[in-house]
Amino acid sequence: MPPSAAEAAAVAVTRFGLGARPGEIERVAADPRGWLEAQVTPGGAPNPAGRFVASAERMQQLLAYRAEAAATPATDAAMTPGSAMAQESAMGDPAAEAALAARRDSRRDMTLDTAREFLARAQMGATTEAGFAERWALFWANAFTTSATKFQSAVFMGPYEREAIRPHVFGKFEDLAVAAEQHPAMLLYLDQAQSVGPNSQAGQRRNAGLNENLAREILELHTVGADGGYSQADVTEFARALTGWSTPTPRDQAPGDPGMAGGNPAGQGRRARAIRAAMAGEPGENAFVFRPVVHEPGARTVLGRTYAPGGREQGEAVLRDLARRPETARRLARKLAVHFTVDDPPPALIDTLEAAWTRSDGDLAAVARTLIAAPEAWSPRPVKMKTPYDFIISTHRALGSSPARVQPLQQALISMGQPAFSAPSPEGWPDTAADWAGPDALVKRLDWARAVADLAAPAADPNAVAAGALGARLGERTRQFVARAESRPEALTLFLMSPEFQRR
Amino acid sequence: MTRSFSIHRRLLMGAALGGVSLAFAGRASAREAGRRKLVVIIARGAMDGLSVVVPHGDADYVPLRGSLAVAAPGQAGGALDLGGGFGLHPALAGLHALHEAGQMRYAPAVAIPVRVRSHFDAQDVLENGGEGLRQQDDGWLNRALVAAGGPSGLSIGAQTPLILRGAAATSSWSPGGQVTGQDRIAALLQDLYVEDPLLGNSLARGLETDAMAMTVGGGTPLRRNDVNGLGQAVARLMTGEQGADVVALSVDGWDTHARQNAQLQIRLTGLDQVVGGLREGLGEQWADTVVVIATEFGRTARANGTQGTDHGTASALLLAGGALKPGGLIGDWPTLADNRLFEGRDLAPTLDVRSVFKGVLRDHLGVDRAALDARVFPGSAAEAPALDGLV
């Protein structure tokens, strides 16, 4: 049964989007589909508001920090402020203490900046008028997961979403894939930056070698999938093709450049300059560097296709071919259906999305429009469990508020199992009710909902909040529970924890 | 799945209608069985077995590993001697002391039955107990709960891991809850969730577990990074009348593609402290406890170019606990000789990890052999018979 007009408006805002702000459902009611389609724009999804550094600048900060680190040998554990180890290792040596403090400050500045950008993203989520574009962008950031679980990739999380993901989410999938895989966040998260072709000039000179982590995850998680029919030999060949994809090092800097490690006079010599020239690669966008001296020479064969000897473009050609394979279309059509509709989506919906993908040669705008047009996506029944992030953002939207500080936001996300920017593995955040509705997770959602309800209650009419946030998707049972609650905080808690609001 | 789904649904409905009290249904029969305790720790990310159970007596170890090799016992930073050419990583001092007391055993070269190098595929197989990829939707530890006639299960963390998902209702916990099951809101929500049994049952069990943790722990908040304290808190949830019998928890961060030595030092120290916390917290119950530490696969025999190792095949499995039979080594050592390496690059498995799991389930939890072969680990009867003499 097709949804009523009122139901369609509620579905557009609460399922496709991030949840309704007060009055939003009424505003889109005239043309819910048109409201969604208008968010599919060639420029991609909007960036969070605020001034944040680009990758190139962040890379300079990271290199400077590493130079400080080289001058103050200490383990990562020593960098946790207040840790016993940090104090012991620098105790009694004023110079060492000062150096350690400087290093800690650099690290803290980058970490704070990343947290600030996470907050800006959450604030945009809480207030944007284009909730579908934002969810679509976050879906692709998760499909190409990088994570703050590693310090080096953590400091690039903000630039990564801004530079590699958001501009490309309504473009060709293969362009998105290239932008994501060549971003420092990814190159550092999956160890590609250090991979060296054993037979490359650099590989023959020193004891360094191949790291196949990125190649494997591209195959398994970003394109064709684990059952995509590739072998260990394909992984290794792809890893060889990707050698040279890297990030800047202190050696790439011109002498005297800020951010260069040390002021070693020997670094000015002719021989040193020659080595530096050979090591430095072509600079690319977003602090990507192709380093010819570590690229494994020779032709490569991946999934039966042979790629001529080359440089940066060799790995890129393999990646583009993988991005265009039918297994990739199928896998991502399914992933999209699971994310935007139900944990076990109807095969017909997957078929429809896959067909749109294939027909448009991976045009993500066409795929988005197909999802919007799919009847299976418009059932008014609330089914899909929200992630903790979406639960928190939609709560702010329902209350017409926005997160003001990052610390409580991060605490809430940690307790519910989804710490900021910190997917537990390259597979990204999980996406089913079994993953998010465990006993402990629900207890933590209830704890948070009660705290929020206590704060919001004086200024909120719970009945209006529930009606405004869910529109025609507010069920009679929940409506009555909210109306009959003994206090405003209780009413708001019941609404926030209701099946209709926990799901979408 | 149809049959188990209907059982699941009935259980969930029962719990939803009856409020929070059914959360630990089935505990009575577990008590009759003698309150055996089992903790399964999954080291996610592929723990490097060659650094955990160090084969310092194997002549190929140091040449393959170079600077990643752990020194032999007696040398500076050397392994802790296990005898027979093996040593334990120096960060595992607590587990080594248990070994000396006959309460720690090690299998140096186990693997799951499928040869894959994807973390996620391999973790799925390790946890769902299938003989191939994507064959089961639930976890073997959950099926073992059913087969053992009702010991109670608990997982640590906001998300229930696959190993403990399935027909038997289990609980989960992590430090920090504030709402109690006695609160009015808890009863109201049970009522509100009458048509959403997943949410209703899940919340009921979460609240009950939290109430337990508060009772036995006195409500002392756990400090971040206090791994020993976490082990003790988990142990508290396992003791007393209401205690969980079977616990699954995960320790992350083992994917050491680069700078492996420093990372392993931190991870293994944490692992050692978790086990130490469990032992301290379980007190007398430690005598009835088995702790299993397993990972999805091992890492390459050779160091890679970035002071780390890549995805491999066999890895080490550790058992600890007062219920173990003394014995040390489990299974054979394949050696690191060039012609013995799996595909010329990985430590070759000599033992199917399911054999160890089955041996523990049979001799510790009393799961009968037919159930193990037919339901808990389908298709494993011939390929992975239960290992004798562990417990």
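Colleague: Which residue in strand 8 of chain B stands opposite Ser155(B)?

Modeller: This is a predicted model, in which local features need pLDDT of at least 70 and side-chain atom pairs count only at pLDDT 80 or more, while totals for chains, interfaces and linings use all residues. Residues are numbered from 1 along each chain as its sequence is written, with chains lettered from A and ligands numbered from 1 in the order in which they are written. Strand 6 (residues 153-156) of chain B pairs with strand 8 (residues 246-251) of chain B in the parallel sense over 3 bridges, where strands are DSSP runs of E of at least two residues, numbered from the N terminus, and pairing requires at least two bridges found by DSSP. Opposite Ser155(B) stands Ala248(B).

Colleague: Which strands of chain B are the edge strands of the sheet?

Modeller: The open sheet has 8 strands in the order 7-6-8-1-9-10-5-11, with mixed pairing. Two of them pair on one side only, namely strand 7 (171-173) and strand 11 (351-352) of chain B.

Colleague: Is Ala46(B) buried or exposed?

Modeller: Ala46(B) has a positive phi of about 80° although it is not a glycine. Most residues other than glycine have a negative phi. Ala46(B) lies in the loop between strand 1 (37-43) and helix 3 (49-52) of chain B, a helix being a DSSP run of H or I of at least four residues. Because 25 other C-beta atoms lie within 10 Å, and 20 or more are required (C-beta atoms being placed from the backbone), Ala46(B) is buried.

Colleague: Is Asp361(A) buried or exposed?

Modeller: Asp361(A), also not a glycine, has a positive phi of about 60°. Asp361(A) belongs to the loop between helix 18 (347-359) and helix 19 (364-373) of chain A. With 12 other C-beta atoms within 10 Å, where 12 or fewer is the cut-off, Asp361(A) is exposed.
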